[in-house]
Amino acid sequence: MKTNPIHRISRRHFITSSVVATTGVCLMPRRLRADAESPVITIRNAAKTAKISVTKLRGNVSVLEGSGGNIGVLTGNDGKLLVDAGITASRPRISEALDSLSGDPVKHLINSHWHFDHTDGNEWLHSIGAEISAHPNTRKHLATTTRVEDWNFTFPPAPPGALPTKTLDDGQTLHLNGATLALKFYQTAHTDSDISVEFTDADILHCADTFWNGHYPFIDYSTGGSIDGMIRAAEANVARVTDKTIVIPGHGPIGNKSQLTEFRDMLVTIREKVAALKKQGKSRDEVVGAKPTADYDAKWGGYVINGDFFSKLVYAGV
Ligand SMILES: [Zn+2]
């Protein structure tokens with residue numbers, strides 16, 4: 001059959017139009033992404049498909065990794081206790097992981113601090129029966145609009161069901177599922193709401209985000225964090241563990257005392273380098289350009305915070 005030239009033209013026109021249409025469709029999400037470069041969006045999106053790994057640590061304590069900060073889990077007849085809530089988008093996979101550990105319902109949730117990657121799942125966990133404990137500043141930041149400048153993100157107030165139902169000012173000891181849990185406020189460190197949870201019998205310490213194992217940490221100056229507070233918390237962590245302690249970091253793989261020590265040393269060395277450069281009168285950009293983290297980037301700079309970003313975070317506090 002002969003091809004009608006008119007058809008050919010209109011077919012070519014159709015192809016051209018559809019290329020434009022396709023290109024338009026393809027460009028749109030890219031433009032949207034450029035507008036929404038906040039790591040908050042990136043992390044929330046990643047959680048939709050993230051795999052959740054389950055590791056039994058010691059006694060009846062396990063850890064779930066893969067959705068936001070590491071989630072500590074204590075199982076037993078009093079109901080499961082979780083340290084941190086992960087990201088809501090991971091709910092099906094977090095539920096599955098929790099079910100794989102035991103049939104106990106979730107009754108208790110402790111927020112290690114207010115950040116979204118540790119509290120995003122508060123509402124659904126509360127809806128299935130968990131009471132939520134946290135430092136009063138966690139409740140305060142969740143209850144109001146909170147801007148985190150370094151994340152380029154403004155958090156709206158959390159829904160009422162996501163707010164902590166119990167607050168603790170300093171230290172508190174809980175007895176649950178045959179275990180003793182010591183909760184301790186770090187003062188200001190990564191934020192002004194960080195608490196550690198120590199499972200004393202199992203000798204396991206959950207350090208909140210005062211410890212990122214193998215990664216530069218974020219430091220949230222907008223809600224009370226500082227490099228010096230991070231170093232104080234790292235010193236306290238090193239001092240309170242032994243070589244046998246299992247250390248759950250806020251982010252990164254399960255660690256131990258030598259990794260906590262290495263993290264503390266990295267913070268101290270980079271703080272000194274950045275402070276010396278700032279003292280010479282260098283601007284923030286000049287300090288970042290001088291690459292004060294160069295010796296550490298290969299090991300610590302491969303996650304959310306690279307060397308340049310970390311240099312800026314340290315510069316702000318020295
Ligand atoms: Zn955090």
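One cavity of 30 Å³ or more is counted here, a cavity being a set of points, on a 1 Å grid over the protein atoms alone, where a 1.4 Å probe fits but cannot get out. The model is predicted, so local features need pLDDT of at least 70 and side-chain atom pairs count only at pLDDT 80 or more, while totals for chains, interfaces and linings use all residues. Residues are numbered from 1 along each chain as its sequence is written, and side-chain values use heavy atoms, with hydrogens and water left out.

The volume of the largest cavity is about 70 Å³, taken as the space filled by probe spheres set on grid points that are joined across faces, edges and corners. Its lining residues (those with an atom within 4 Å of a point) include Trp151, Trp212, Phe218, His190 and Asp209.

His190 and Asp209 bring us to the metal. Together with His113 and His115, they coordinate the zinc ion at 2.2 Å, through NE2 of His113, ND1 of His115, NE2 of His190 and OD of Asp209. Donors are N, O and S atoms within 2.8 Å of the metal (3.2 Å for Na, K and Ca), and because water is not among the atoms, sites may look incomplete. Along the chain the donors follow the spacing H-x1-H-x74-H-x18-D. Histidine 115, in the loop between β5 (106-110) and α4 (116-119), lies 94 residues from aspartate 209, in the loop between β13 (204-206) and α7 (227-240). Both histidine 115 and aspartate 209 are buried (under 20% relative accessible area with a 1.4 Å probe, protein chains only).

Now to the strands, which are DSSP runs of E of at least two residues, numbered from the N terminus; two of them pair if DSSP finds at least two bridges between them. β5 runs parallel to β6 (residues 131-134), joined by three bridges, and leucine 109 has isoleucine 132 as its bridge partner in β6. β6 also pairs with β9 (residues 166-167), again parallel, over two bridges.

Elsewhere, five strands form an open sheet with mixed pairing, in the order β10-β11-β12-β13-β14. β10 (171-176) and β14 (246-248) are at the edges with a single partner strand each, so one side of each has no neighbour in the sheet. Within this sheet, β11 (residues 179-185) and β12 (residues 195-199) run antiparallel and share five bridges, with alanine 182 opposite glutamate 198.

Methods
Helix = DSSP H or I, 4+ residues; strand = E, 2+ residues; numbered from the N terminus. Buried < 20%, exposed > 50% of the residue type's maximum accessible area, 1.4 Å probe, protein only. 1 Å grid on protein atoms, 1.4 Å probe; cavity = no way out; pocket = protein on both sides within 12 Å on 5 of 7 lines; lining within 4 Å.
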